[in-house]
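Please open the model in your viewer and keep the selection tool at hand. The tour below goes from stop to stop, saying what to select next and what is there.

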Amino acid sequence: MRTELFVDGAFRPAASGTRLLVLDPASEEPLAEVDAAGPADVHEAVEAAARALRGPWARLAPAERGARLFALAAAIERVAEDLARLEARNTGKPLAEARDDLAGVIKTFRYDAGAADKLEGATIPLGPEVLDLTLLEPLGVTAHILPWNFPLGMLARSLAPALAAGCTAVVKPAEETPLTALAFAELLAEAGIPPGVVNIVPGTGEVAGEALCRHPLVAGITFTGSVATGRRVMALAAERAVPVVLELGGKNPLLVFADADLDRLLAEIVPAAFENAGQVCSAASRLLIQAPLFEELATRLVERVGGLELGPLISAAQRARVLDMVAEARAGGARILCGGGPPAGRAHGFFLAPTLVRDVPSGCRLAREEVFAPVLLLEPFTDEADALARANASGFGLVAGVFTRDLSRALRLARALEAGSVWINGWYLGGQQAPTGGVKDSGFGRERGLPGLLNYVRIKNLAIRL
Ligand code: NAD
């Protein structure tokens with residue numbers, strides 16, 4: 001297991017002399033101690049990325065860059081089972097989910113590999129005396145600050161398009177989950193990715209993350225994480241006026257109308273709210289149910305969800321926070337229909353039973369904040385206008401969903417819902433090709449698809465008098 005920093009194509013100990021203790025969230029046992037980058041280490045990594053940007057990476061034709069990213073996808077595929085097992089141990093997620101994550105990582109690298117030679121500028125019609133055109137240039141050295149819920153998935157989502165666009169990168173994994181990013185680094189050389197193009201610097205947010213955001217050679221930052229940290233990253237980026245992409249949290253409403261296909265809903269709700277133990281930015285976390293259906297659906301949901309076996313939450317602190325929020329809601333009159341605490345028979349690990357809650361007072365934290373756990377709030381609504389008002393009454397705006405057989409209603413709502421994505425009669429729709437991102441507190445900028453590549457280019461206008 002790799003535990004050192006990966007800088008300029010080689011593993012090396014951190015000059016900082018400090019380490020991160022990485023736990024197995026299912027057993028609470030230590031899994032590894034990983035070097036933690038300090039400011040000097042981050043500086044070395046950014047310098048290496050800046051050299052690589054001017055060096056061999058810049059001299060490759062875009063099609064050749066793409067070929068190397070295809071080779072990287074093949075290298076990941078060859079060891080995907082090992083990476084999935086490591087991801088499952090470090091995050092606590094079930095192996096089947098980690099395998100799905102790896103399949104997504106491979107698809108992402110292939111998607112962006114194929115786009116490397118298709119980033120085209122434009123010719124601008126200025127008249128007979130001037131030829132005007134745009135060049136798409138790589139943004140430069142990019143910083144990628146990652147969360148712990150999909151460690152390799154989130155790495156791929158921002159790193160693959162950055163590399164396809166010709167950028168070089170410094171990646172800071174989350175403190176809790178640095179292991180697969182380091183294992184991934186071992187594959188770069190065999191895929192022909194030159195030293196310095198990708199650097200991996202585990203470390204704390206306050207030290208390594210801030211050093212990265214402040215570094216004068218970093219030309220752009222992609223941040224995926226919480227709202228509070230996103231604001232901090234943006235403030236640091238503002239000091240140097242560099243662009244940021246902020247992929248922040250969600251509090252995603254799913255609207256179920258009385259005419260909905262309930263069997264389909266019940267099949268979708270398990271992954272929608274409980275996959276990755278609910279630790280997904282785009283998880284369904286508020287189920288708004290049209291009043292005549294409410295009692296019947298609540299009963300069926302308890303039957304469906306109550307016995308699910310889920311992986312643990314990432315940390316003791318995260319579970320304690322969720323339990324606090326549930327306790328506050330209960331004190332305010334909320335009713336816990338199932339779950340609400342650790343599952344029976346689990347003496348170790350940061351487990352939380354799948355939890356359904358109704359009658360949650362609107363002012364409490366459970367109603368307002370992202371919970372990021374297997375907790376689904378149930379709330380009745382009367383009609384379309386009421387559903388829309390409740391759905392939009394949130395500071396977040398990542399995803400919203402509608403289950404109805406009335407297509408006109410679904411499309412009216414799709415326009416009116418304040419969210420970066422709207423999913424109709426399904427959940428977790430979309431893929432590597434479809435852009436994702438938020439509005440309001442959920443952030444801005446879009447990842448995945450062709451818009452995701454445009455985060456990593458800048459436009460130069462070239463005008464020639466004829
Ligand atoms: P977090 O904000 O605590 O940490 C995210 C990253 O930021 C970590 O690598 C951390 O070390 C770093 N960081 C912390 N303080 C920093 C600072 N001052 N300067 C620079 N970097 C700093 O988030 P988390 O708890 O790891 O992740 C969970 C959050 O991520 C949830 O809110 C979730 O919704 C969000 N998320 C969003 C998306 C999306 O696409 N919108 C995807 C996955 C996760």
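Two strands are said to pair if DSSP finds at least two bridges between them, and helices (H or I, at least four residues) and strands (E, at least two) are DSSP runs that are numbered from the N terminus. This is a predicted model, in which local features need pLDDT of at least 70, side-chain atom pairs count only at pLDDT 80 or more, and totals for chains, interfaces and linings use all residues. Residues are numbered from 1 along each chain as its sequence is written, and side-chain values use heavy atoms, with hydrogens and water left out.

**A strand inside**

Select residues 252–256, which form strand β12, and then residues 284–290, which form strand β13: the two run parallel and are joined by five bridges. As one example, V256 has I289 as its bridge partner in β13. Five of the five residues of β12 are buried (under 20% relative accessible area, where exposed means over 50% and partly exposed lies in between, with a 1.4 Å probe and protein chains only), so the strand is largely enclosed by the rest of the structure. In a regular strand the side chains alternate between the two faces of the sheet. In β12, N252, L254 and V256 point one way, while P253 and L255 point the other way.

**The nonpolar core**

A nonpolar core is a set of buried Ala, Val, Leu, Ile, Met, Phe, Trp, Tyr and Cys residues joined through side-chain atoms within 4.5 Å. Next select I76, F109, F184 and I200, which touch the most other members of the largest such core, a set of 56 residues. Helix α6 (151–164) is among the elements that give two or more residues to this core, and its eight residues are the largest share. If you centre on I76, you will find that it touches L83, L102, V105, I106, F109, F184 and L187, where a contact means heavy atoms within 4.5 Å and residues up to four places away in sequence are not counted.

**The ligand**

An oxygen atom of the ligand is 2.5 Å from an N or O atom in the side chain of R157, and a backbone N or O atom of L146 lies 2.6 Å from a ligand oxygen atom.

How values were computed:
Polar contact = N/O pair within 3.5 Å; in protein donor to acceptor, adjacent residues only side chain to side chain.
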